[in-house]
Amino acid sequence: MSLKHAVLAALLEGEASGYDLAKIFDVSVANFWAATPQQLYRELDRLAEAGLIAARVVEQERRPNKRMFSLTESGRRDLAAYTSTSPRPSAVRDELLVQVQACDEGDTAAVRAFVARRMETARAKLARYDRLRERMLAGRDEETYLDEAERVGPYLTLMRGRFFEEENLRWGARALAVLDRRTAAARAPERETGRTTAEAARGA
């Protein structure tokens, strides 16, 4: 998948500026596709040149003029065709998991701290996703929203992001428990040796 279709899908929400899209990607798209503002602006230029989106300039008195982008019919057709294309299998490339894989030969304490930090990040993301969920539901229960909403795609992707971070927390808690237990077991002989040495010294 390219950034192209992630941008086109984001514009289904309606006309948006580059700044608006950066916020959308940061809040509601980041759980399945990451992009920097610079990458977004470059992609918007390419899509406009290809006729998949339309750009118009909005003049502002006290601020620089801004460009607003919207889907064209060509862009909608392209996005519709894309939804019928079989996606490539997802692949996980997670640096933390490489460190966990090697933790028995490395700095276990540092790896433990990295796992704990990942859990903090997961909690922060879940809080953001929950705030977005509350705004989307607007007081409705989930089933009512899914029956009444004009579009359910954004909610389904939000659910996937929430499940992913919840799994990060479950895995992190298990990983910390295992690492802590093994660390305690490794220190037990050291403590026993220390006691034996102290007892021998007292006996002497």
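Start at strand β2 (residues 53–58), which pairs with β3 in the antiparallel sense over six bridges. Helices (H or I, at least four residues) and strands (E, at least two) are DSSP runs numbered from the N terminus, and two strands pair if DSSP finds at least two bridges between them. Look across from R56 and you'll see M68 in β3 standing opposite. M68 is also the bridge partner of S17, and β1 and β3 pair in the antiparallel sense over two bridges.

A quick word on ground rules: this is a predicted model, where local features need pLDDT of at least 70, side-chain atom pairs count only at pLDDT 80 or more, and totals for chains, interfaces and linings use all residues. Residues are numbered from 1 along each chain as its sequence is written, and side-chain values use heavy atoms, leaving out hydrogens and water.

Now for helix α2 (residues 18–29). Its buried residues (under 20% relative accessible area, 1.4 Å probe, protein chains only) are G18, L21, A22, F25 and V29. They sit on the same side of α2 because they cover an arc of only 105° around the axis, taken from the directions from the helix axis to the C-beta atoms. These buried residues pack against α1 (3–10), β1 (16–17), α3 (37–49) and β3 (66–71), with contact meaning heavy atoms within 4.5 Å.

Finally, what about Y145 and Y155? Y145 is buried, at 7% relative accessible area, and Y155 is buried too, at 1%.

Definitions and conventions:
Buried means under 20% relative accessible area, exposed over 50%, partly exposed in between (1.4 Å probe, protein chains only).
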